[in-house]
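This report examines selected features of one protein structure. Please keep the sequence and the model in view while reading.

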Amino acid sequence: MRRTRRSALLAAGLVTALAAGPLAAPAFATPAPAPSAAPSSVTFAGTTAGPDAEALSAAIAGLPDHDATAALLRVGGDGTWRGTAGVRDIRTGARALENARFRAGSVTKVVTAAIVLQLAAEGRIDLDGTVQQYLPGLLTEDFEPITVRQLLNYTSGLRPGASLGDTVEDGYPHRFETLTPRQVVASSVAERPAYEPGTRQDYGNIHYTVLGMLVEKVTGDSYAHQAAVRIFRPLGMRDSSFPAGADPRIHGPHNRGYDWIGGKLVDVTDWNMTDRFAAGDLISTTADLERLLVGLFRGRVVPEPQLREMFTLPDVPGARYGAGLERFELNGKVIWGKTGSRPGYATVIAATPDLSRTLVYSVDSTDAKGDGQAVAERFAYPAFNR
């Protein structure tokens with residue numbers, strides 16, 4: 001009873017904050033209905049070695065709250081667990097959609113890495129070939145040769161490049177403006193490299209922005225179409241796509257995304273993502289991302305030996321990333337996966353190498369571009385705690 005009352009109060013508080021925020025629609029004349037504290041759906045089929053259903057149910061209980069308005073979780077491997085909780089839209093209090101589409105952020109990099117490695121398997125790209133070779137004129141003479149492999153594992157030395165805001169609050173006034181990938185790269189290469197290629201690992205979008213340009217140059221096709229024909233269609237990812245140009249909308253069923261800006265909860269669902277391109281532009285669902293994760297780990301997406309690149313850390317201090325994937329250790333388990341965040345949405349795909357445990361989630365986090373640790377501890381850790 002105490003949790004239900006607290007959730008109702010939090011939901012009412014969120015609605016009040018949203019009504020006071022800078023939205024196009026008028027403030028509420030009457031309060032929106034408070035959603036139930038109970039998850040809208042949970043299914044479990046497991047064994048004694050399966051996921052901790054109690055901990056997972058506790059993670060999504062009570063939504064919406066201050067930190068998230070909805071959560072969609074899929075846990076698989078030895079036993080399965082599915083959970084959906086929260087609201088689709090704070091204004092109406094409608095329950096969150098299990099099949100909702102969302103912005104997957106940097107999970108896009110896994111798709112990009114897979115395309116590049118497929119092209120390498122076909123002999124169309126040499127991982128030891130250079131940016132200067134494939135994209136002549138892109139880099140100035142200040143740059144030493146940068147290999148495709150160094151782009152894949154974030155050791156290129158390229159600087160981040162231009163953005164329309166380093167935080168959600170900074171970017172919100174510019175959310176309908178366009179910053180093209182070429183503009184981002186041009187601003188990056190206008191500065192001297194941050195370090196000698198291959199000597200340091202600095203995670204960032206710029207590496208994969210250049211890889212997207214490389215894919216288009218080598219194939220003579222758009223990056224989005226290559227993703228569709230090489231990844232989405234073969235894996236049956238029917239609800240995955242990229243925005244058409246500067247279109248700021250998520251088409252199809254989706255849960256609204258929100259972020260705290262200036263002390264008010266603001267709807268940040270509609271946002272022009274042109275600058276993210278092959279580094280973070282993907283729109284998908286948890287079911288589709290589970291297909292990607294399982295297909296990838298089973299070798300159905302990238303053939304050997306190229307697949308090993310995704311699970312190989314470069315020989316530099318503190319390396320955590322292979323080609324597209326990050327290595328984690330949790331509760332004695334080695335886990336490979338990828339996080340992603342865009343305003344209003346935090347996403348994770350992760351699995352043990354043998355697929356005995358898999359996790360995909362999308363959380364409508366109200367601080368999705370924050371450090372992400374609290375979201376991971378709440379929603380990801382329970383999937384791997386036994």
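Predicted model: local features only at pLDDT ≥ 70, side-chain atom pairs only at ≥ 80, totals over all residues.

Although Y154 is not a glycine, its phi is positive, at about 65°.

P64 belongs to the loop between helix 2 (53–60) and strand 2 (68–77).

The bond between E304 and P305 is likewise cis, with omega of about 0°.

## Helix 3 against helix 8

The packing of helices is the next topic. Two packed helices are described by the angle between their axes and the distance between the axes. For helix 3 (residues 108–121) and helix 8, the axes come within 10 Å and cross at roughly 40°. Angles of 65 to 115 degrees count as roughly perpendicular and those under 35 degrees as roughly parallel; helix 3 and helix 8 are therefore oblique to each other. Their crossing is left-handed.

On the side of helix 3, the contact is made by K109, T112, A113, I115, V116 and L119, while helix 8 contributes N205, Y208, L211, G212, V215 and T219. Sorted by class, the residues of this contact of helix 3 with helix 8 are seven nonpolar, four polar and one charged.

## Helix 3 against helix 9

Helix 3 also packs against helix 9, at an angle of about 80° and with the axes 10 Å apart. Helix 3 and helix 9 are therefore roughly perpendicular to each other.

Which residues meet here, in helix 3 and in helix 9? From helix 3 come T108, V111, T112, A114, I115, Q118 and L119, and from helix 9 come Y223, Q226, A227, R230, I231 and F232. The contact of helix 3 with helix 9 comprises eight nonpolar residues, four polar ones and one charged.

## Helix 7 against helix 8

Helix 8 has a contact with helix 7 as well; the angle between these two helices is about 125°, and their axes are 10 Å apart. Helix 7 and helix 8 are therefore oblique to each other. The crossing of this pair is left-handed.

Helix 7 takes part through P181, R182, V184, V185 and S188, and helix 8 through I206, T209, V210 and M213. In the contact of helix 7 with helix 8, six residues are nonpolar, two are polar and one is charged.

## The second largest pocket

The second largest pocket holds about 320 Å³ of space. Which elements give two or more residues to its lining? They are helix 7 (181–189), helix 8 (205–219) and helix 9 (223–235). Helix 8 supplies the largest share of the lining, with three residues.

In total, 16 residues line the second largest pocket, and P181, E216, Y223, T274 and F277 lie nearest its centre. By class, the lining of the second largest pocket consists of seven nonpolar, five polar and four charged residues.

Conventions: Residues numbered from 1 in each chain as written. Heavy atoms only, no water. 1 Å grid on protein atoms, 1.4 Å probe; cavity = no way out; pocket = protein on both sides within 12 Å on 5 of 7 lines; lining within 4 Å. Points joined across faces, edges and corners; volume = space filled by probe spheres on them. Helix = DSSP H or I, 4+ residues; strand = E, 2+ residues; numbered from the N terminus. Nonpolar A, V, L, I, M, F, W, Y, C, P; charged D, E, K, R; others polar. Axes fitted to C-alpha atoms, helices over the stretch in contact; angles between N-to-C directions. Parallel < 35°, antiparallel > 145°, perpendicular 65-115°, else oblique. Left-handed = near helix turned anticlockwise from the far one by under 90°. Contact = heavy atoms within 4.5 Å.
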